[in-house]
Structure formats: C-alpha cells, structure tokens
Amino acid sequence: MAILYIETNFLMSIATGRDPDANNLLVSVPTSVNIAIPSICCMESLSALEDEIKRRNRFVGEMEKQISQLKRDKTSP
C-alpha cells in the first residue's frame, strides 16, 4: 500500500485551477493508494485562498477605479 502525501501547494493548484489534471488524480485514486493530507495543509490552503481572493478583488477594484477615471478624461480618444 502506497501513501500519497498531499501538501498545501497541491491543494492550492486545485483551488485556483493552475493544474487542471490535479483534480483528476483525486477523483480516481487507485485502491492501492492511501491519501494523507495534514490538517495544517488544509487550513493553510484556505487561508492562502482567502488572501488570493482579497488580492484579486483589490486589483479589480483598482482597475475599475482607473477605468472610471479614464472615462472622465475627455481630452483623449
């Protein structure tokens, strides 16, 4: 019996879609493999994902603010 030890980066690649094949591995785990995911990796992944969502939301907000400012500029096409 083999043990597949999954860490934070693997979970983040699934959550963010960076590795589309990673999810396939978890869907069809061979019966000869046990998966081990330390709880700290789950918590770290959730925290990192929340931070990533906040960063993206700030970026989108800043882009919307810049677009709004540029629309107000009537001197350039």
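A residue counts as buried under 20% relative accessible area, as exposed over 50%, and as partly exposed in between (1.4 Å probe, protein chains only). This is a predicted model, in which local features need pLDDT of at least 70 and side-chain atom pairs count only at pLDDT 80 or more, while totals for chains, interfaces and linings use all residues. Residues are numbered from 1 along each chain as its sequence is written, and side-chain values use heavy atoms, with hydrogens and water left out.

View 1. Let's start with methionine 63, which is partly exposed at a relative accessible area of 35%. Methionine 63 sits in helix H3 (residues 39-72); helices are DSSP runs of H or I, at least four residues, numbered from the N terminus. Together with Phe59, Val60 and Ile67, Met63 makes a nonpolar surface patch of about 370 Å².

**View 2. Two cysteines without a disulfide.** A disulfide is a covalent bond between the sulfur atoms of two cysteines. Here a pair counts when the sulfur atoms are within 2.5 Å, and the count is zero. Cysteine 41 is buried, at 6% relative accessible area, whereas cysteine 42 is partly exposed, at 32%.

**View 3. The buried residues of helix H1.** In helix H1 (residues 8-16), the buried residues are Thr8, Leu11, Met12 and Ser13. Their cover includes helix H2 (22-27) and H3. After H1 comes glycine 17, with a positive phi near 80°.

Note on methods:
Patches are made of residues with over 30% relative accessible area and no salt bridge: like charges are joined within 9 Å, nonpolar side chains (Val, Leu, Ile, Met, Phe, Trp, Tyr) within 5 Å. Accessible areas come from the Shrake-Rupley method with a 1.4 Å probe; for residues, only the protein chains shown count as cover. A salt bridge is a side-chain nitrogen of Lys or Arg within 4 Å of a carboxyl oxygen of Asp or Glu. Helices (H or I, at least four residues) and strands (E, at least two) are DSSP runs, numbered from the N terminus. Contact means heavy atoms within 4.5 Å.
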